[in-house]
Amino acid sequence: MQRYIMIELINTIEINPLKYSKEDFELPEAVEYPDPEEYFLKLTETASRLTLNFNGIQKGSNLVDIETIDDESLQMIVAGKLSEVEFEDPDENGFVLSFDGGIVLKKDDEVLIQPSCCGDMENIENWEKVIDNRSFGWAEMWIGHPWVLYKRENGVISFSDYTEANINEVKNVKIKFEVDESEFQNELGKVIQHQIRFKNRILDILKKMNINNAEVISKHMSGIE
């Protein structure tokens with residue numbers, strides 16, 4: 001096993017392109033296309049008929065790098081998110097949920113960690129805990145479920161495969177891959193800045209839409225202060 005893996009962290013949101021279409025479309029089902037290449041082609045063929053710019057991080061994925069979303073598409077996405085909230089109730093302004101998604105860890109073109117069920121952009125704080133954690137044993141990193149385990153030792157961060165096991169019940173954890181701690185910290189700093197910029201872009205859109213509590217809502221949507 002290669003000890004130090006050159007990595008890239010990517011901040012993503014999960015986008016279903018049909019949500020933003022004014023026409024009736026039906027996404028192809030993955031089970032209908034066992035070949036990932038064929039499924040990806042069918043998916044992009046459908047998405048290309050939409051006005052939303054849709055480019056997944058890998059074939060068959062609805063996870064999109066927030067840095068690649070143009071202003072027009074982001075405005076559509078934000079408007080779609082707001083449509084989920086009943087603004088007639090003033091208390092609802094503070095309860096706009098964060099976008100589904102989160103951080104993806106890639107090595108070359110291979111995705112090694114990606115957000116799982118119930119993962120969202122607020123989970124960035126769990127990636128920050130990896131650096132802040134001073135213990136040397138295995139710990140959980142919540143990215144949705146299943147999640148992963150990690151440990152820090154001698155300037156190296158080790159990650160397990162996905163698991164739904166309680167950390168107190170896990171024995172003989174197998175290391176899936178390891179990364180250099182300083183490189184991980186450097187990449188994490190980049191995605192934090194990307195997420196802050198994403199929040200500011202959302203804030204600008206909300207202000208143009210004359211949405212009350214725009215600052216608070218932009219923080220909730222983006223999952224970061």
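The following is a working chat about one predicted protein model.

Me: What should I know about how this model was prepared and numbered?
Reply: It is a predicted model in which local features need pLDDT of at least 70, side-chain atom pairs count only at pLDDT 80 or more, and totals for chains, interfaces and linings use all residues. Residues are numbered from 1 along each chain as its sequence is written, and side-chain values use heavy atoms, with hydrogens and water left out.

Me: What is the mean pLDDT of the chain?
Reply: The mean is 83, and 78% of the residues reach 70 or more. The term pLDDT denotes the predictor's confidence in each residue, from 0 to 100.

Me: Where is confidence lowest, and where is it highest?
Reply: The lowest confidence in the chain is in helix α1 (residues 36–47), with a mean of 60, and the highest is in α4, at 96. Where pLDDT is low, the predicted coordinates should not be read in detail.

Me: How many helices and strands are there?
Reply: The chain has five helices and eight strands. Helices (H or I, at least four residues) and strands (E, at least two) are DSSP runs, numbered from the N terminus. In order from the N terminus, the elements are β-α-β-α-β-β-α-β-β-β-β-α-α.

Me: What is the strand order in the sheet that contains β1?
Reply: That open sheet of four strands has the order β2-β1-β3-β4, with antiparallel pairing. Strands β2 (63–65) and β4 are at the edges with a single partner strand each, so one side of each has no neighbour in the sheet. Two strands are said to pair if DSSP finds at least two bridges between them. On average, neighbouring strands of this sheet are turned by 50° against each other, direction ignored.

Me: Which helix packs on it?
Reply: Helix α4 does, touching β1 and β3, and its direction makes about 30° with that of β1. Contact means heavy atoms within 4.5 Å. For the angles, axes are lines fitted to C-alpha atoms, for helices over the stretch in contact, and values run from 0 to 180 degrees between N-to-C directions.

Me: Why is β3 described as largely enclosed?
Reply: Six of the seven residues of β3 (residues 101–107) are buried, so the rest of the structure largely encloses this strand. Buried means under 20% relative accessible area, exposed over 50%, and partly exposed in between (1.4 Å probe, protein chains only).

Me: How many bridges does β3 form with β1?
Reply: Strand β1 (residues 8–14) pairs with β3 over six bridges, in the antiparallel sense; L9, for example, has L105 in β3 as its bridge partner.

Me: And how many with β4?
Reply: Three bridges link β3 to β4 (residues 110–113), again in the antiparallel sense. K107 has E110 in β4 as its bridge partner, and K106 stands opposite V111. Two residues lie between the strands of this hairpin, where D108 takes a positive phi near 55°.

Me: Turning to β5, what is the strand order of its sheet?
Reply: The order is β5-β6-β7-β8, in an open sheet of four strands with antiparallel pairing. The edge strands are β5 (139–141) and β8 (177–180), each pairing on one side only. Strand β5 is joined to β6 (residues 148–153) by three bridges, and M141 has V148 as its bridge partner in β6.

Me: Which elements does α3 touch there?
Reply: Helix α3 (residues 124–132) packs on the sheet and touches β5, β6 and β7 (156–159), with its direction making about 25° with that of β6. Helix α4 (residues 181–208) also packs on this sheet, touching β6, β7 and β8, and its direction makes about 75° with that of β8.

Me: Is K171 buried or exposed?
Reply: K171 counts as exposed because its relative accessibility is 73%. K171 is in the loop between β7 and β8, and its C-alpha atom is separated by 9.9 Å from that of W138, 33 residues apart along the chain.

Me: Where is A79?
Reply: A79 is in helix α2 (residues 71–82), and at 33% relative accessibility it counts as partly exposed.
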